[in-house]
Structure formats: structure tokens, C-alpha cells
Amino acid sequence: MTLDKDLQSIQAARELLKQAKQAQAQFAQFSQEKVDSIVAHIAAEAARHAEALAKLAHEETGFGRWQDKVLKNTFASTKVHEHIKSIKTVGVISEDPVNQVMEVGVPLGVITALVPSTNPTSTIFYKTLIALKAGNAIIFSPHPNAKVCSQKAIELVKRAATEAGAPAGIVDGVSLLTMEATQELMRSKDVSLILATGGEGMVRAAYASGTPTISGGPGNGPAFIERTADIKQAVSDIITSKTFDNGVICASEQSIIAERCIYEQVHQELLAQGAYFMNEQESQQLAEILLRPNGMINPAIVGKCALSLAGIAGFSVPASTKVLISRQDSVSHQNPYAREKLCPVLGLYIEEDWRSACDRVVELLTNEGLGHTLVIHTQNPEIVRQFALEKPVFRMLVNTPAALGGIGATTNLIPALTLGCGALGGGSSSDNVGPMNLLNVRKVGYGVRNIEDLRQPESPNAPAVQSASASPATPAPAVAASAPVSIFEDTRFTGGQASVAAPAAMTTAKTAADDRFGCGIPSPAGHGTHGDTCHDISEESVERIIKQVMGRMAP
């Protein structure tokens, strides 16, 4: 009997999980030096094959530019490794002898990694490095539209890992791609974490699986050109970013916001640097192909150049065109120019001043892309501070191409290809995800204080407590004598008059009847009076009371 494809894929996924779990248990015993040497070898091998895999990814998916994918593969191997190679992740990772605390790195276990079709090979390099650096095993579920290049990348990192001494199974991937296999990986109790990078639907499915998930959500980053900006450089940064790999990086700009007082300069600079301003008819034609009927991005336009997009939409543009721009004055979920577009197309908004630009930025991010990224071009540090304090994003970039700044290529942010959007974006992390996100940390703390140190010292100005032996010539405050001892006598709850005598009698009766705490226990000879037992607490009396209570509880 031959199993159906979905059943075969489920069984294959289970086998991968079994091998990964065994491999990770062995890998977790490796020293920091051994782990680092394995990670270094994988990074070197990945960088060595950066161009071949970039060309293969472009050929298979049709997205972006292979030249830019070479840079991404190099970034995901060499740049990421440069950043993580000195991070301690094994054993004791930090000690503070002054405060007497210590931290120990604890790997998560087996990670399931979802891979997008827009950045397939670079994502596999990056996730392998950060997962193994943190002592984990990782199993990839590639996108079906990037199956061949993804398998090549997985085979490369697998081979490099075992060459360097890692146990077989520490990194692997699903070869029989089905939805059922991916679900098996996401729902398995042997998987500790899902590291999801991809479309909104896939990320939502990862969270719905019930397995802890770290994800990168959709972007919709606005680029604000403020009146003090170096306009020529700002426009150059935006076009560089939006044309890099034809706009498939989610951190790239999706719209431009310019103040009215500088708009004419911005307009002329955009024209000079290869932007094409679509008329109303052309904007409408392009809008009709940017989204699918269900409101999701149309895969047919992802990663296409400006010339191809115009051709698909049915109009022509000059051969020198780099980006397509549509003037806009409204924001809505039905307006594709106000949403994420993974291609070189930008919406453009003109605002009166920086405050109205602020409002437009928030409106765009609320429409889509909360928690992701925005970029501002300005020479005014106060504007930067105001934006940083108020805007609903976790990456705010200044005077840089957003696609490259967001991932840490042209900024000093952590180099990463999974950009968390935090709780604002429905995610669990707002970080540029690195190995420390894939590691649990055991805290060790020595005792440095006792309970007496925690008690509040008595203030020298505090009034003295009235003691039982105080002079009878000193009258007690009137309020103390008349205050109710129970809410049942409190006139605020009973609605009647407060009684002084009744509470006293009730208290006496309750005290006489309740000997749980020793007041009703006869005092042995030589240990004082009944009243003395209640008020004179000694080690001997406490021990005696405990014995008596335990004696009563015995069957």
C-alpha cells in the first residue's frame, strides 16, 4: 500500500523532528568554542555560495534582482556572523560579582522556521546561524514557490554543519512540501518555537498553532521628508531603498510625506532621479493589479521592476524609470497606495507642516504596519526626538534607506531578516531577532539581605506607640476609644448609632471562646498567669503551643 502525499509528508516531518531532537540534546553539551567554530564554518560556506544561490532564487521565483540577492546572502552570512560571533550563549553567559547574580544560557530545543519566497536563501542562512549559535536545532519549511533554491540552501548549511562536527539532524528541512507537513511541524510538542517570516496568513497560522512564535509582520513604512532635510540625499535614499531587490524587503518605504514648503524641490529631485509621476488614469490602472480581490498583495507584481509594472498595468513609461509614484490625499484599507507594496511603487502625500505630517504617519501605520518601521529625513534632532517618543513603530530610521537601515545594514541596529513588530503588530517581540531571542536565560542570585534588612527602620519623628504599661495619667485618644472594631458595628455599613459597649463585650466573648492561639490554654505552673501567656511570647511558650495544637490535630 502506498501512502498519500499528505500522509507521507507528515511522517517525513515527524522523522525530521525525531532526528532534530536527538541532535539538539547532543549539541546542547557542546562548548562555546565548538558551537562558535560550527557557526563560523556555516557562515563561510554560505558566503562562498552567495552568488550562485542568489541567481537560483531569482530564476525560480522571478522576484527582485539577483545582484541585490547576492548582497542579501552575503549580509545574512558574513554580516550576521560578524555580529553574533562574540556573543556568549553557552553555559554561564554573565556574572556580576558585585551584585552576586549570574546568568546561564539554556537553549530552547527544536525550532521550526518558516521561509518566505521573497528572501528564501538569505533567510535560511540567517536563521541557521542564530538558531545554532543559541544551541538549538532548526527545521525549515520552505515556501513552495521557492522550493528548489531553498533546498539547495538547506543542503549547503546541513553539509557545512556536519563538516564542522555538528550532529546529523541539527539543521534540516521539509522536502515533501504540503500544508499538512508544515502544520505537523508547527503543532508538535517537540517544537519549542516557531520562527515565522512571511505573509500575514502564514504568521497568523503560526500563532494559532499554540506553539510559542516569534514573527515579522507586514510593513507599511512611511518616509517623511522634513523641511530641514538634505532633499537630494533624502530622495536618493528613498529610491535606493525602494529599488533594492525591487522592493521586496518589508522595511522598505511604501509612501513619501513631504511638507508643502519644500514639495516643489522634492518633486523636481524625484523626477531628476528617475521617478515617474502617474496621472489619475495610470494610477487607477496600476491600483487594479496591486491587490487581489481578497485584499492581499498580488504575487504577480511582487519584486517586479517599474517598467514591468507599467507594462502589466497597460501603460508605458520612459526606460529610465526607477519608481512609480501616485499622488494621494486619503488613507484606507481599500487604497493600495496607502498599504504595503512589495515593488517599486510609492504613494505621495503633501502636508502643511511636521505636525500634520505626524498625523499622516500615524494614519498610514494604523492602516497597516503597526509596530514595524518608519524613516524620517531631517537635520532637526528635536523632530527626531518627538517622532521617536510618539510614533507606533519599533524601528525609526533617520537619514538612511529604510530597506537597508531596518535590517541593520546601513545602521547599527542588530543585523536581522526577521523584524519583530511587538504587541502593536500582534507579535511577541519588537526586536531585530538575534540569537538571544532564541535562548532562555536561567537567573542565579545569592542571598545578600535578610528579613530584618527589609523592615522599615523606625522614624525618629514617629509618635511613640501607646503601650499597655503606659502611665494611666496619659489618656488614650478619644477616637481610639469609640472606634468600631468590626465592620458589623461600623455605622457606615449598619446605618445606625455606633456602640462602644457592645463591641467590647463581643470582643471579650470571642477571645474567651477562641483559644487557637494560646489565650485559652492554661498556663503550666511556674509560667505566669493566663494574661502573661497571651502577651509574653518566648521561644519556650511558642514551642509549647505548637505541641498542644499538633496534639489536638492528631487522630
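Colleague: Which residues does UniProt place under the feature "coiled-coil region"?

Modeller: The unreviewed UniProt entry places that feature at residues 3-33, and in this predicted model the span is 81% helix and 0% strand, with its end C-alpha atoms 44 Å apart.

Colleague: Why is L7 called partly exposed?

Modeller: L7, which is found in helix α1 (residues 5-27), has a relative accessibility of 42%; buried would require under 20% and exposed over 50%, so L7 counts as partly exposed.

Colleague: What makes the nonpolar surface patch?

Modeller: The patch, of about 390 Å², is made by M1, L3 and L7; membership asks for over 30% relative accessible area, and L7 is at 42%.

Colleague: Why does V92 count as partly exposed?

Modeller: V92 lies in strand β1 (residues 91-96), and its relative accessibility of 33% falls between the limits of 20% and 50%, so the residue counts as partly exposed.

Colleague: Which residues does V92 touch, not counting those up to four places away in sequence?

Modeller: V92 touches M102, E103 and V104, and although V92 and V104 are twelve residues apart along the chain, their C-alpha atoms are separated by 4.3 Å.

Colleague: Where does pLDDT stay under 50?

Modeller: The mean pLDDT of the chain is 88, and 83% of its residues reach 70 or more, but pLDDT stays under 50 over residues 467-484, for which the model has five contacts beyond four places in sequence. Over residues 497-535 the pLDDT is also below 50, and this stretch has 29 contacts in the model beyond near neighbours in sequence. Where pLDDT is low, the predicted coordinates should not be read in detail.

Terms used: Residues numbered from 1 in each chain as written. Predicted model: local features only at pLDDT ≥ 70, side-chain atom pairs only at ≥ 80, totals over all residues. Heavy atoms only, no water. Helix = DSSP H or I, 4+ residues; strand = E, 2+ residues; numbered from the N terminus. Buried < 20%, exposed > 50% of the residue type's maximum accessible area, 1.4 Å probe, protein only. Contact = heavy atoms within 4.5 Å. UniProt positions renumbered as here; feature names shortened; annotations may be inferred. Patch = residues over 30% accessible without salt bridge, like charges linked within 9 Å, V, L, I, M, F, W, Y side chains within 5 Å. Areas by Shrake-Rupley, 256 points an atom, 1.4 Å probe, with all protein chains shown as cover. Salt bridge = Lys/Arg side-chain N within 4 Å of Asp/Glu carboxyl O. pLDDT = per-residue confidence, 0-100.
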